[in-house]
Amino acid sequence: MQKKSQPNYQWYHEQWGKPTHDDRLLFILLTVGTFQAGLSWKAAAGKLSVFLKNFHNMEIQKVAGMMPDDVERVMQDPEMIRNPRKIQATIQNAQAILAVQQEYGSFAEYMWDFVGGVPRLNVYEEVYEVPNVTPLSKTVAKDLKKHGFTFVGPVVTYMFMKASGMIQDEVLNRETK
């Protein structure tokens, strides 16, 4: 019996927290955040190759054009996180990105405007102080929803902003007690 290969999380670790202005990469990170909701980050981050396969290599224009029969096709993939709401959210978010690109020039321009164009550094003494929701993530999530995005609550939004380098949380005391 052949051993099943382990998912590769390396790409996520390499990208995590690095500022990016690439709309496609932002879409990938948002999609990971969408699929991560209710699961561990490893469950979603380990599915990058599956997302690429099922969502047209994460080409925003192509994903935005996916139809209900495409959702059914994606649902049939045994490697996929088969949540129809999250699959549909990925398509809807691609459509929302296209609309944002028309209005703001790029998805990155729109997102980075929330932090004044530079990463926002938050410094905490202890790891337990690092929040999973902030007033900023609540504001951004509300605005994303206003622009047609879905599955972008304040927690997913905060994680997405951290993954894409817009927010950087630094913990001064990393010692465990």
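A residue counts as buried when its relative accessible area is under 20%, as exposed when that area is over 50%, and as partly exposed in between. In the predicted model described here, Asp70 has a relative accessible area of 17% and is therefore buried. Arg73, at 37% relative accessibility, is partly exposed. These two residues form a salt bridge in which the closest N and O atoms are 3.8 Å apart. Arg73 and Asp70 are three residues apart in helix H6, so about one helical turn separates them.

The protein as a whole contains ten helices and two strands. Read from the N terminus, the order of elements is α-α-α-α-α-α-α-α-β-α-α-β. The radius of gyration is 17 Å, close to the 16 Å given by the globule rule for 177 residues, so the protein is as compact as a globular protein of that length. Along the principal axes, the C-alpha atoms fill a box of roughly 50 × 50 × 25 Å. Among contacts with a separation of 6 or more, 69% are between residues 24 or more positions apart. Buried residues make up 46% of the 177 residues. The accessible surface of the protein is about 9800 Å², and carbon and sulfur atoms account for 52% of this surface.

Six salt bridges are present in the structure. One of them joins the side chains of Lys53 and Glu79, with an N to O distance of 3.1 Å. Lys53 belongs to helix H4 (residues 48-54), whereas Glu79 lies in the loop between helix H6 (68-75) and helix H7 (84-104); the pair therefore ties together parts that are 26 residues apart in sequence. Glu79 has a relative accessibility of 41% and counts as partly exposed. A network of salt bridges links Lys53 and Glu79 with Asp77. A further salt bridge is found between the side chains of Lys162 and Asp169, at 3.2 Å from N to O. Both Lys162 and Asp169 are buried.

Part of the surface is nonpolar. Leu121, Val123 and Leu172 make a nonpolar surface patch of about 280 Å². Leu121 is located in strand S1, which spans residues 120-126. The relative accessible area of Leu121 is 49%, so this residue is classed as partly exposed, given that exposed residues are those over 50%.

Notes. Residues numbered from 1 in each chain as written. Predicted model: local features only at pLDDT ≥ 70, side-chain atom pairs only at ≥ 80, totals over all residues. Heavy atoms only, no water. Patch = residues over 30% accessible without salt bridge, like charges linked within 9 Å, V, L, I, M, F, W, Y side chains within 5 Å. Areas by Shrake-Rupley, 256 points an atom, 1.4 Å probe, with all protein chains shown as cover. Salt bridge = Lys/Arg side-chain N within 4 Å of Asp/Glu carboxyl O. Helix = DSSP H or I, 4+ residues; strand = E, 2+ residues; numbered from the N terminus. Buried < 20%, exposed > 50% of the residue type's maximum accessible area, 1.4 Å probe, protein only. Rg over C-alpha atoms; globule rule 2.2 N^0.38 Å. Contact = heavy atoms within 4.5 Å.
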